[in-house]
Amino acid sequence: MGTIREIDAKTIEDTVYELALEAGYQLPKDVKDALEEWSIKEESPIGKGVLQDILKNISIATEGEFPLCQDTGLAILFIDIGQDVHIYGSGLTESVNKGIERAYKDGFLRKSTCHPFTRANYGNNLPPVIHTSIVPGDKIKIIFDAKGGGSESMSKVEMLKPADGKDGMMNKVVEWVESAGPNPCPPIIVGIGLGSDFERSAILAKKATIMNIGERNPDSDLAEVEEELLHRINNLGIGPAGLGGRCTALDVHVIMEPCHIATFPMAINIQCWVCRHKEAII
C-alpha cells in the first residue's frame, strides 16, 4: 500500500496565483521564438510590420509586467491529480478560485466573466473552467491557460459524417479558418480534437492549442495532417492581423481518440497569437 502525500490547499491557491500572473505578462518561449522567426521570413511588408509591433508589445509587457493583451482571458485549468495525494485545508475548486481571484485583482488583469443574458460583469473573473484527471503518483500538475474571447468565438464543434474521412475533415478546417479571417487575431494556433464524443472533442481541441510550437503528433499520419493543414492555412493569404501575408498560423496541432462507429466528432479551437499558458508541478 502506497504512502499518501498531504498537500495544503493553500499551496494550490498560491501556485495558481503565480501561474496566472506569469501567464498574463510573459509569453511562452516557443510562441515568442515562432513570432520572431516569422518576423524575418514573412513576405508581406505590412505583415512583417505587424509581427514586429507584436514583438515590441511582448517586450514592453514582459519588462514592465503589463498584460500582454487587454483581453486577459477566461481562466482554464488542466489539473492532473496523483492518486496518492490528499488535499487538506479546503477543496480543490475553492483553492483554485481563490488563486484566480487574487491574481486578477493584484495583477490588474481585466475581469471578463459575465452573465450570459444581462452581460453584467461578475468582477472577479470567476468561475474558472477546471478539467481534472486522476493519474498515478503523489504530485499535482497544474496547467493554467488564459483563453481570450475573440479567438474562442471563432471556435466550433461539428459532427462530421463518417464518410467525410480525413480529406473531408481537413477541408472543413481550412474552410473554417478562412471564414474566421482576421477575427481571431492572427497569427493563430489551431487546435483540433478528433473522435471521442461531442464534448470531449472540444476539450481535446483546447488542449491541442497549448502544445509546443513545432511539436508534431507522434502518430506519423496525424503529423502529416498537421503539416499539410499548416501549409494550406498559410497559403490562404490572411496574414498577421488579417492584413495579408503568409503567417496566418504559427502551428496546427491534432489530438485524436477513438469514436463511436456512427459518429465523427471534430472540434476546432482557435488560439490567437497571445497564447498564454504556464504550468507547475506541486
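Analyst: By class, the lining of the largest pocket has seven nonpolar, five polar and six charged residues (Ala, Val, Leu, Ile, Met, Phe, Trp, Tyr, Cys and Pro count as nonpolar, Asp, Glu, Lys and Arg as charged, the others, with Gly, as polar). This is a predicted model, where local features need pLDDT of at least 70 and side-chain atom pairs pLDDT 80 or more, while totals for chains, interfaces and linings use all residues. Residues are numbered from 1 along each chain as its sequence is written, and side-chain values use heavy atoms, leaving out hydrogens and water.

The space in this largest pocket is about 460 Å³. Its lining holds 18 residues, and Phe 78, Lys 141, Ile 143, Lys 207 and Ile 210 are the closest to its centre. (A pocket is an open set of points on a 1 Å grid where a 1.4 Å probe fits, with protein on both sides within 12 Å along at least five of seven lines; lining residues have an atom within 4 Å of a point.) At least two lining residues come from each of β2, β4 (129–135), β5, α7 (198–209) and β10 (276–281). (Helices are DSSP runs of H or I with at least four residues, strands runs of E with at least two.)

The second largest pocket has about 270 Å³ of space. Among its 20 lining residues, Cys 69, Cys 185, Cys 272, Trp 273 and Val 274 are the closest to the centre. The elements giving two or more residues to this lining are α3 (45–64) and α5 (149–152). By class, the lining of the second largest pocket has 11 nonpolar, seven polar and two charged residues.

Next, the packing. The largest nonpolar core has 28 residues, and Ile 12, Leu 77, Ile 100, Ile 140, Ile 142 and Phe 144 touch the most other members. (Such a core joins buried Ala, Val, Leu, Ile, Met, Phe, Trp, Tyr and Cys through side-chain atoms within 4.5 Å; buried means under 20% relative accessible area with a 1.4 Å probe, protein chains only.) At least two residues each come from α1 (9–25), β2 (74–82), β3 (85–88), α4 (92–106) and β5 (140–147). Of these, α1 gives the most, with nine residues. A second, separate core of 24 residues includes Met 154, Met 169, Val 173 and Ile 270.

Ile 7 sits in strand β1 (residues 5–8) and is buried, at a relative accessible area of 3%. Not counting residues up to four places away in sequence, Ile 7 touches Ile 12, Val 85, His 86, Ile 87, Tyr 88, Ile 140 and Ile 282 (contact means heavy atoms within 4.5 Å).

Ser 155 is in the loop between α5 and β6 (156–160) and counts as buried, with a relative accessible area of 19%. Its side chain reaches the backbone oxygen of Ser 151 at 3.2 Å, and a polar atom of that side chain lies 2.9 Å from the backbone nitrogen of Ile 270.

Thr 248 belongs to the loop between α8 (220–234) and β8 (249–259) and is buried too, at a relative accessible area of 1%. The side chain of Thr 248 reaches the backbone nitrogen of Gly 239 at 2.9 Å.

Key: Buried < 20%, exposed > 50% of the residue type's maximum accessible area, 1.4 Å probe, protein only. Points joined across faces, edges and corners; volume = space filled by probe spheres on them. Polar contact = N/O pair within 3.5 Å; in protein donor to acceptor, adjacent residues only side chain to side chain.
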